[in-house]
Amino acid sequence: ENLATAIAGLSAIDLQGFSVTIPHKLAIIPLLSQITEKARLVGAVNTVWRTETGWQGTNTDVDGFLAPLKSLDKDWSRVNPVILGNGGAARAVVVACAQLGCGEIHVVGRNQKKLDPFKESWANTSLYDLLEVHSWDELEGLVSTTELLINSTPIGMSPQGEQSPVELELLDLLPPSAIAYDLIYNPRPTKFLRLAQTRGIRIIDGLEMLVNQGAIALEIWLGQPVPVSVMREALLKQF
C-alpha cells in the first residue's frame with residue numbers, strides 16, 4: 001500500500017534499477033513514465049531502470065521463457081502450444097509463443113469464469129486471433145495435437161512436489177517430437193517432467209527461464225553482456 005512512497009525513496013537514493021515481483025508487477029505500472037510493448041501485452045512489469053524521463057519498465061519473463069526454445073531446430077509456425085493455466089505466468093508465455101511465430105496458442109483453465117475474461121483481455125492486441133481458451137475437460141483432445149505442452153500453474157511446486165497438473169495417461173497422447181516445459185524450478189525435475197521423461201519426451205524446467213530473465217535484467221542495468229553460465233552455476237548451487 002506504500003508502493004508509491006517506496007518508489008519515490010528509490011529515486012531519492014539514486015538507485016539505477018530494481019526487480020519487481022508479486023504482488024507489485026501490475027501495481028507499479030502507473031508509477032512508471034514508460035513501459036515496453038512486451039510489458040503492456042503481458043500486463044506486468046518485473047524489471048525497472050532509470051532513464052532521463054523517469055523510471056522505465058519491461059517484462060523479461062518473455063525472453064527468459066524463450067531462451068531455451070530458440071536454440072532448438074524447430075519450425076515454430078507449425079507448433080500450436082498448449083498452456084496449462086491462465087494466470088499471470090500464462091500471459092508471459094502467450095506473448096512469448098506469439099513472438100516465436102506459433103500459428104495458434106491454446107490456453108486451458110479450470111475456471112470458466114476466469115477463462116472468458118482472460119481471452120477478452122487480449123481483444124485490442126494482435127494476439128487476440130491467435131488465442132483460444134479451453135476448459136480442462138477439452139485437454140485430452142488438445143494434447144495429441146501439440147508439440148509444446150507448458151505448465152504455467154503452481155501445481156507440483158515444492159513443498160507439493162508429488163503433484164502433477166496432468167497424469168501419465170494424458171502425456172501418453174503427446175507426439176514423440178513434443179516438448180514438456182514446466183515453469184517451476186523447485187523441485188528439479190517436477191513430477192510433470194518426470195512423467196514426460198518416462199515417455200521419452202524432451203523436457204525443459206523453469207530454471208532456464210529464471211536464470212535468463214535475470215540475466216536480461218542485469219544486462220539492462222549494466223548496459224553490457226553478462227556471464228549467463230556463471231549465473232546459472234550460482235543458481236544450481238542453490239538447489
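Predicted model: local features only at pLDDT ≥ 70, side-chain atom pairs only at ≥ 80, totals over all residues.
Figure 1. Leaving aside residues up to four places away in sequence, V94 is in contact with I83, I105, V107, F118, W122, L127 and L131.

Figure 2. N86 is located in the loop between β5 (82-84) and α4. A relative accessible area of 18% falls under the 20% limit, and N86 is therefore classed as buried. Its contacts, not counting residues up to four places away in sequence, are with V107, G109, K114, L115 and F118. Two of these residues, V107 and F118, are listed among the contacts of V94 as well as among those of N86.

**Figure 3. Packing of helix α3 against helix α4.** On the α3 side, the contact comprises D61, V62, D63, F65, L66, L69 and K70. On the α4 side, A92, V93, V95, A96, C97, Q99 and L100 take part. By residue class, the contact of α3 with α4 consists of 10 nonpolar residues, one polar residue and three charged residues.

**Figure 4. Crossing of helices α3 and α9.** Helix α3 (residues 61-70) also packs against helix α9 (residues 206-222), where the axes come within 7 Å and cross at roughly 130°. This angle makes α3 oblique to α9. The crossing of α3 and α9 is right-handed. From α3, the residues that make the contact are D61, D63, G64, F65, A67 and P68; from α9, they are E208, M209, N212, Q213 and I216. This contact of α3 with α9 contains five nonpolar, three polar and three charged residues. D61, D63 and F65 of α3 take part in the contact with α9 and in the contact with α4.

**Figure 5. Crossing of helices α9 and α10.** The axes of α9 and helix α10 (residues 228-238) come within 10 Å, with a crossing angle of roughly 130°. That angle makes α9 oblique to α10, and the crossing of this pair is right-handed. Helix α9 contributes L207, E208, L210, V211, N212, G214, A215 and L218 to the contact, while α10 contributes V228, M231, R232, L235 and L236. The residues of the contact of α9 with α10 divide into nine nonpolar, two polar and two charged.

**Figure 6. The buried side of helix α8.** In helix α8 (residues 191-198), the buried residues are F192, L193, L195 and A196. These residues cover an arc of only 160° around the axis, which places them on the same side of α8. An α-helix has 3.6 residues a turn, so residues three or four places apart point the same way. The elements against which the buried residues of α8 pack are β8 (148-151), α7 (168-171), β9 (179-182) and β10 (202-204). Just after α8, G200 adopts a positive phi of about 75°.

Conventions:
Residues numbered from 1 in each chain as written. Heavy atoms only, no water. Buried < 20%, exposed > 50% of the residue type's maximum accessible area, 1.4 Å probe, protein only. Helix = DSSP H or I, 4+ residues; strand = E, 2+ residues; numbered from the N terminus. Arc of directions from axis to C-beta. Contact = heavy atoms within 4.5 Å. Axes fitted to C-alpha atoms, helices over the stretch in contact; angles between N-to-C directions. Parallel < 35°, antiparallel > 145°, perpendicular 65-115°, else oblique. Left-handed = near helix turned anticlockwise from the far one by under 90°. Nonpolar A, V, L, I, M, F, W, Y, C, P; charged D, E, K, R; others polar.
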